[in-house]
Structure formats: C-alpha cells, structure tokens
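Hi,

Here is the structure I said I would pass on. Have a look at it first, and my notes follow below.

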Amino acid sequence: MQNLIEIYIQEVTRRLPEKNRSDIALELRSTIEDMLPDEYKEEDVKAVLEKLGNPVALAGGYRDQPMYLIGPRYYDLYISLLKMILPIAVVVSFISMVASYFIQYNGDENIVNIIVTLTTKGIITLLEVGVQVFFWLTIVFAVIERTDKSKETDPITNSMTKWTAEDLKAVTYIPKKKAISKSEVFGSFIWIAIWVSFYFNADHLLGIYENNGSGLEFVQPVFHQDILMGYWPIVVAVIVLEVALAFYKYVKGQWTNRMAILNLIVEAAATIVLLILFIDPKLFQTGFFDYMANIFSYSSTQLQFSFISITFVVVLVFAVISIVDGFRKARIK
C-alpha cells in the first residue's frame, strides 16, 4: 500500500522541475495521509489516489501551465529533449565558433575587440542554433504525434483511457539514491560535447596564450593535431559508447547491474584510449614543455613526464570512482 503511494508521488514529481520536487512530494504525501482513514487498506489507498486523479494531470496542475504545445502524450518527452539538446547544441556551436575565430586570428585586434566580436558572434550563434533546434524538434514531434495511431501507451501517460490506481502497479518504484536525474544525463552530454570540441580543435584552443600588448595571442599548442587525428577511429568509438550510455541512462532512469557494467566498459575504454594517446612520443609539442621549463626551472623531459603522469592518474581516479559509484547505486533496493 505504501509502495502505491510512493509510486504515485514519484510519477507526479518526476514531471516537475527538480528544485520543486522535494517540497511537492512532502505536500502530496501529507495530503494523501490526511485523506486516508486511521486503519486504511489497499482499497482506501486506491480510492484516494483515484480521487486525486492521473499523476500527469496533477503534475500539470502544479506546473500551472498548459501542456498542449505538442500534446499530453508526448509533451513531457518533447520538453525534456528540448532542454537537453538545446544547451548541448549551443555549447558545441560556440566552441566551434571560438576555434574558427582563433584559426583566422592574425593578432591585430586588441582584447576589447576580441571580446566584443566573440560576444556578438556568440549571441548570433545562440539565436540561430536555438531556432533550428526548436523548429526541427517541434516538427519531428508533431509528425510523430499525428502518425502514431497506437493505443498501447504507458498506463500513466495514456490520456485516451480512464486512469485508475491499478495502473500504478505497472510502474517500478525507483529509490531516490538509485535514480538517474535529468541533470546527470544533461551533464554527461555537455561533458562529451566539450571534450570532443577541444579534441578536434586542440591545436587552436589548448596551449599557451601570451599578452602581446594588444590582446591575448595563442603562441604554442600542447598537442600535434595531426597525431591526434591519427587516432580518430578509436576516439570516435569512445564517443559513440559515451553517447549510447548517456541515452541509456535517460531511458532507464535508474542504475542497474547492466548499466553499471556498461559504465565500467565505457570508463575502461576511455582510460585505455587516453593511455594509448599519451604513450605516443610524437603527440606533444616539444615547444610547449620547453616554454614551461623556462618558467618552472625544470627540464622539459621532467615536466612532460609529470604532466602525463598527473593527468593519467587524475583520469584513472575519477574513472574508478565512477565505476564503484555505479555498482553501489545498482545494489540499492
């Protein structure tokens, strides 16, 4: 009986902004308990939940906004994907724009002009990408809604049949500590977008910048871009794995043993690829470590060894933490 109440609250709150979920969950739980008799049975719980109504409709009431832009069946998924895809597209486009700007930069502009130029182009990029993502995603969902004639939908979101408390038994209750939040998935996509953008533009973004009197100038990259690009097949394979894992997290919404194993595979693959890259003696620009050696009074060989060792150890530690945390959450009941 208590499980039915928790599932109902879960189905309401998961459709609300994360910052409001805890307060609304407490309020909703209190309301349900007040409506129940002292010695209640499962039939009493079902009657109260049915009186409160479909969790989708109740969530819409808490949002205090209509859900008819796309339609009740697909609205939540549409908004979730829009919130996720739009920032990722903006980040990728902005990094690509910055990289393109510095590729063409001739050192004649001062720092003020650079900031104004990048700000202006950034705003234009934001608007262009925002309009494109919104337009095409809306078109896709509009087509799906008008062509999907299936009546077999999620018992919770199916607005074509009368909702009853029995429908909650088809929903799996997900403990809070086991759940995967949308912000976690969003963070994964953002991180992938950032490191991919830097990987393919490393010789224009990662390195030493100097103030030449009229602004910052990129004087020495860390990596040989042609060597980096020589490893693109295995790098792209890791990208595909990370994107697939992020989508799998979004679909499942909770940690499972299978997901923990997939997370282990992805983390191991990414760490191995990094190791393969770093043991290539031609990957790093000698000029970068020569420049840093003059600053820190160490030999360039020592600095290169320290840079590789520290970077790899940090990545390995975070990978192990992620793997252990994944299996720990998967065991939560």
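Leaving out residues up to four places away in sequence, Y231 touches Y199, I276, L277 and D280, where contact means heavy atoms within 4.5 Å. Y231 sits in the loop between α9 (225-230) and α10. I276 is 45 residues from Y231 in sequence, yet their C-alpha atoms are 9.1 Å apart in space.

Before the rest, two notes on how to read this. Bear in mind that the model is predicted, with local features needing pLDDT of at least 70 and side-chain atom pairs counting only at pLDDT 80 or more, while totals for chains, interfaces and linings use all residues. Numbering starts from 1 along each chain as its sequence is written, and side-chain values use heavy atoms, with hydrogens and water left out.

Now the helices on either side of that loop residue's neighbourhood. Helices (H or I, at least four residues) and strands (E, at least two) are DSSP runs, numbered from the N terminus. The axes of α7 and α10 come within 9 Å and cross at roughly 165 degrees; axes are lines fitted to C-alpha atoms, for helices over the stretch in contact, and angles run from 0 to 180 degrees between N-to-C directions. That makes the two, α7 and α10, roughly antiparallel (under 35 degrees is roughly parallel, over 145 roughly antiparallel, 65 to 115 roughly perpendicular and the rest oblique). Their crossing is left-handed, i.e. the near helix is turned anticlockwise from the far one by less than a right angle, with clockwise being right-handed. On the α7 side the contact includes W195 and Y199, and on the α10 side W232 and E242 are among the residues. By class, this contact of α7 with α10 has 15 nonpolar, 1 polar and 3 charged residues (Ala, Val, Leu, Ile, Met, Phe, Trp, Tyr, Cys and Pro are nonpolar, Asp, Glu, Lys and Arg charged, and the others, Gly among them, polar).

α10 also packs on α11, at about 160 degrees with axes 10 Å apart, so α10 is roughly antiparallel to α11. This crossing of α10 and α11 is left-handed too. E242 of α10 is one of the residues here, and A270 and I276 are among those of α11.

What lines the second largest pocket? There are 40 lining residues, with W191, W195, E242, A270 and V315 nearest its centre. On a 1 Å grid over the protein atoms alone, a cavity is a set of points where a 1.4 Å probe fits but cannot get out, while a pocket is an open set with protein on both sides within 12 Å along at least five of seven lines; lining residues have an atom within 4 Å of a point. The elements giving two or more residues to this lining are α7 (182-200), α10 (232-252), α11 (257-278) and α13 (300-330). α13 gives the most, with 10 residues. By class, the lining has 28 nonpolar, 6 polar and 6 charged residues.

Over to you!
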